Amino acid sequence: MGASADPQAPGLVLSPDAEVGEDVRFGAHVVVHGDVVIGDGCTIGDHVVLGKPPSLSPRSSTATDAPLAPLRLAPGVIVSTGAVVFAGSTVGEGSIIGDQAYVRERTTVGADSVVGRGAGVDNDVTVGDRVRLQSQTYLTAYSVVEDDVFLGPCAMTTNDDTMARHAPGAPLHGAVLRRACRIGGGAVLLPGVEIGEEAFVAAGAVVTRDVPARKLVWGVPARVVRDVPDDQLLDRWA
């Protein structure tokens, strides 16, 4: 079911194929492509682009001819100024996509999560509920982030040990961040590492191997220093 443009939103470009729920607020100069579903009560900030199709190099490991599903924003989502959310992704109820954030295709962001200002979430990423991605974090393709994870500002993941010199068709491996782990600002996670449940990665660490559950690591390369204290576990803060 199509929707008509909001006369209070100057410069709104709204595809007739988009579905817009009740009480949706649009800022100025928003672009909504076809096959976008916007739930009730969403707020779409100035200069947002929703449902952008990907532009891929023929050599891209993510290139595919498969059609993308509609972009779906659940009720109460806020997409802030200048953010771009691609076709084929889903944003859960009550989540916030921050100013100038970038969420690629086939990615899922769970409910009540925050993608911070300027953060990049690549294609084929799964982000759970109540996740906090601080400003300028980067989640590389094929990463998995479970519920209640925290990533500090400028923390990043990687997925290609060869830096584009891998064999054609070789799979890429993002990071796996288990429930309620915490990643400090500026930390770097190498391809395929798993951060255990309730683990703590200190700011600036370079993680080259898996981190066991409830361990605190720091350094370059990161090493286990001690256990995460009981009084810092999530159930003490919930």
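Asp122 touches Arg104, Thr107, Tyr138, Leu139, Thr140 and Ala141, leaving aside residues up to four places away in sequence; contact here means heavy atoms within 4.5 Å. You will find Asp122 in the loop between β16 (120-121) and β17 (126-127), where strands are DSSP runs of E with at least two residues, numbered from the N terminus. With a relative accessible area of 13%, Asp122 is buried (buried is under 20%, exposed over 50%, partly exposed in between, with a 1.4 Å probe and protein chains only).

A word on the basis: this is a predicted model, in which local features need pLDDT of at least 70 and side-chain atom pairs count only at pLDDT 80 or more, while totals for chains, interfaces and linings use all residues. Residues are numbered from 1 along each chain as its sequence is written, and side-chain values use heavy atoms, without hydrogens and water.

Let us turn to the rings. Searching the whole structure gives one aromatic pair (ring centres within 6.5 Å; planes under 30 degrees apart are stacked, over 60 edge-to-face, the rest tilted; for Trp the six-membered ring is used). Phe86 and Tyr102 have ring centres 5.2 Å apart and planes at 80°, so they meet edge-to-face. The two link distant parts of the chain, 16 residues apart, with Phe86 in strand β10 (residues 84-86) and Tyr102 in strand β13 (residues 102-103). Phe86 is buried at 2% relative accessibility, whereas Tyr102 is partly exposed at 36%.

Finally, the sheet. Strand β12 (residues 96-97) runs parallel to strand β15 (residues 114-115), joined by two bridges; pairing requires at least two bridges found by DSSP. Ile97 has Val115 of β15 as its bridge partner.

Note on methods. Helix = DSSP H or I, 4+ residues; strand = E, 2+ residues; numbered from the N terminus.
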